[in-house]
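Here is a short report on one protein chain. Take a look at the sequence and the 3D view below, then read on for a guided walk through them.

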Amino acid sequence: LCPQLQHPSAEVREYACASISKLLQQKHVIPAFVQRDVVRCLGPLLMDHSLAVRETAAGALRNLSACGGFDVCDDMVTNDIMTPLVALLKECSTGLDANQVSPKKCRDMNQLSPKKCGEMSKNYIEDIANEAINLLWNICECNNTALYIFNKEGCLEAVLHYMKKFATNVDLAISVANCLQAVTEDNPDLLSSFNASAQQILETVMLSPESTMKHILLRTLIAGTIWNIKDTIPPGSLGSTVNAILKIFSESLAIDAGETIILMNGAEKNRLKLAVEAETEENMSDITENCILNEDDNMEEIPKGKLRRENDVSDLLPSDKWELKEVTALLTAQQTALEIIVNMCCSEDPSDDEWEELSSSDESDLFMENSYNEGSGLLLSPLCLSDEVNSAFLNNLIPKKILEKTAFPNSVALDICMHNPSWKPLIKKLNAVQCRALTCLQSILLVSDVDCLGGASALQSLAEHLSQLIFSKTELPTDTEFLEAVTSALRALLQTMASKNISQQCMTPEQLLALCEAGIQSSNASVRVNVVSILGISGSVLAKGQNTAETLKMIGKFLLEVAMKESSLVVAGEALDALFDVFADGEEAEKAALQIKLLPTLKEFQPVFRMRIRKEGKGQYSTDQLCVLDNVKMNLRRFIAYQETLGKTPT
């Protein structure tokens, strides 16, 4: 295939590009193509005389960048893919407003065969741009050099020009929005390029009224881009801008994805049924017509009906799988919205002036009025690290729309997806939305005040909800992504409740230990850290009660075993921290500590832990992790000394 990329025939080059594009979707063949310098072979074809070759070459490179990962994207940049790509993007941008390429012009330019030109009516410029933008998005997301070239070559202007087509080509606009969100993230050098004209383009898209799922996704992505460039927004406009962003996220999260799947699947079935009926009716009409022609005019059967039927079906029916594409767009929008909210929670504190403007704007009042309607709960404010935003943007309950997304997907919708091969990939997307919602919930818990979360009763209800997610099925969950998300949320919740002395009764001791025993077997270190921390938090609360020594013994034995046998020093350190919390104080804790021989065990383990840090620490762990481990080592020494004083204290 690679030699055919240099063939003098445009049709052969197009066929080679299309074949390579399909093969590159299989990861195991990518190394072979990379070894054959496929990037240097395909790169020049981005500026081929044939528009069809340009499109298929861009599609092949897009697949290579998407399926190859970071290393392949680095290799593409090293092989100078950005030079022809930038040239293509700028040329397409210049010719974007030109008329569609006509079949006659295709033949005159020797770009396509007469047959292909006759069958197609498409805007090659927009289709080429769509492939090129996706390629640019993939590369810039993976490679800092590509991002530097994007800034240096002024690609933003060309990319934003494509966005002007959002009213007529939403697919192109979505590709542009994905690219913009990627190139604006942590890219301060690009901010100066977002002048008033650029911001006006984004604002126009964000305020567009179209209600399709694709347009909801488009607005969500643009909202994420505007959040990334918020430092360019004048302080006087920040409040209204943030409220507009929140309104878009609220719109996206308010839609029930499960019900949408059921609805769209039904629409697909009806469409396909009507298509079959229409084709059957037309077949009967053709047979009748041909019989009349044969009997009355003694003419041969004319295959005209077949040609008309093929053209009519493709022209009049909706595009293939449009219902599936709509649901996919919705789930992507919801996942994106939740991910951006998590980033908002991690943002730095705004200035006092920003807070004052934000909380006093008319738009803020309007949004609050709409969002508090029927007690639905207000969506989290992105600037939620201060008391002002908690009081201005949060209702007295956990935001309902986010909480709803933490539930398991609709069982009827799941059944539809399970029994329909083309819809089956939606299951992964449904689960991803649930996991992102749990992560979002964790972020809210970490930065919000208890009163703004609804108080003790709301937190206890939330604890019951998370407990049901974990224990509602006969077997404990094993999916790593879900387990990490749900244990992270539960850990944050229990930390908040413990810090405010709120009663924790969402799990029995048996359930708690079952969760920890399952979680500690996970290959994901974050899951193991979470369950150890959950056990430590719960144990420290139990230590303050009465008649809890037996449970504390089980907790202590479990944590000791983890500390001594865990392969990861980070998890072992977390287990030691948990032990310090559980056995820090209380009569029940002292009883349990004596019975499990906590002090002699820790004294024996102390030199082993110090040795592990010296041997394994360098090269395997980050500076921050080593700093935490040093603190654990110091706290271990202090805890042993504290336990020794307890033994000397007269009863």
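## Some ground rules

Let's start with a term you'll meet a lot: a residue is buried when its relative accessible area is under 20%, exposed when it is over 50%, and partly exposed in between, using a 1.4 Å probe and counting protein chains only. Accessible areas themselves come from the Shrake-Rupley method with a 1.4 Å probe, and for residues only the protein chains shown count as cover.

What you're looking at is a predicted model, so to speak of a local feature we need pLDDT of at least 70, and side-chain atom pairs count only at pLDDT 80 or more, while totals for chains, interfaces and linings use all residues. Residues are numbered from 1 along each chain as its sequence is written, and side-chain values use heavy atoms, with hydrogens and water left out.

## The big picture

How many helices and strands does the chain have? The count is 32 helices and zero strands. Here helices (H or I, at least four residues) and strands (E, at least two) are DSSP runs, numbered from the N terminus.

The chain has 651 residues, and 52% of them are buried. It exposes about 31,700 Å², with carbon and sulfur atoms supplying 51% of that area. Now for contacts, meaning heavy atoms within 4.5 Å. Among contacts between residues at least 6 apart in sequence, 75% join residues at least 24 apart.

## Two buried spots

Ser 208 sits in the loop between α12 (196-206) and α13 (213-228). Is Ser 208 buried or exposed? With a relative accessible area of 8%, Ser 208 is buried. Leaving out residues up to four places away in sequence, Ser 208 touches Phe 166 and Arg 219. Phe 166 is 42 residues from Ser 208 in sequence, and their C-alpha atoms are 9.5 Å apart in space.

Asn 138 belongs to helix α8 (residues 124-142). Asn 138 counts as buried because its relative accessibility is 12%. Which residues does Asn 138 contact, setting aside neighbours within four places in sequence? They are Arg 62, Ser 65, Ala 66 and Cys 73.

## Salt bridges

A salt bridge here is a side-chain nitrogen of Lys or Arg within 4 Å of a carboxyl oxygen of Asp or Glu. Searching the whole structure turns up 18 salt bridges. One of them pairs Glu 323 with Arg 271, where the closest N and O atoms are 2.8 Å apart. This pair links distant parts of the chain: Glu 323 is in helix α17 (residues 322-345) and Arg 271 is in helix α15 (residues 257-296), 52 residues apart. Both Glu 323 and Arg 271 are buried.

Lys 591 and Glu 588 form one, with their closest N and O atoms 3.4 Å apart. These two are three residues apart in helix α30 (residues 587-595), so about one helical turn separates Lys 591 from Glu 588. Lys 591 is partly exposed at 42% relative accessibility, whereas Glu 588 is buried at 9%. Glu 616 and Arg 612 form another bridge, with the closest N and O atoms 3.0 Å apart. Glu 616 and Arg 612 are four residues apart in helix α31, so they too are separated by about one helical turn. Glu 616 is partly exposed at 22%, while Arg 612 is buried at 13%. Elsewhere, salt bridges that share partners join Glu 339, Arg 436 and Glu 481 into one network.

## Patches on the surface

Patches are made of residues with over 30% relative accessible area and no salt bridge; like charges are joined within 9 Å, and nonpolar side chains (Val, Leu, Ile, Met, Phe, Trp, Tyr) within 5 Å. For charges, Lys and Arg count as positive and Asp and Glu as negative, with His and the chain ends not counted. The place of a charge is taken as NZ of Lys, CZ of Arg, CG of Asp or CD of Glu.

A positive patch is formed by Arg 610, Arg 614, Lys 615, Arg 637 and Arg 638. The elements giving two or more residues to this patch are α31 (598-620) and α32 (623-648). The largest share, three residues, comes from α31. Arg 637 lies in α32 and is partly exposed, at 48% relative accessibility.

Leu 1, Tyr 15 and Leu 23 make a nonpolar surface patch of about 270 Å². Tyr 15 is found in helix α1 (residues 10-23), and Tyr 15 is exposed because its relative accessible area is 54%.
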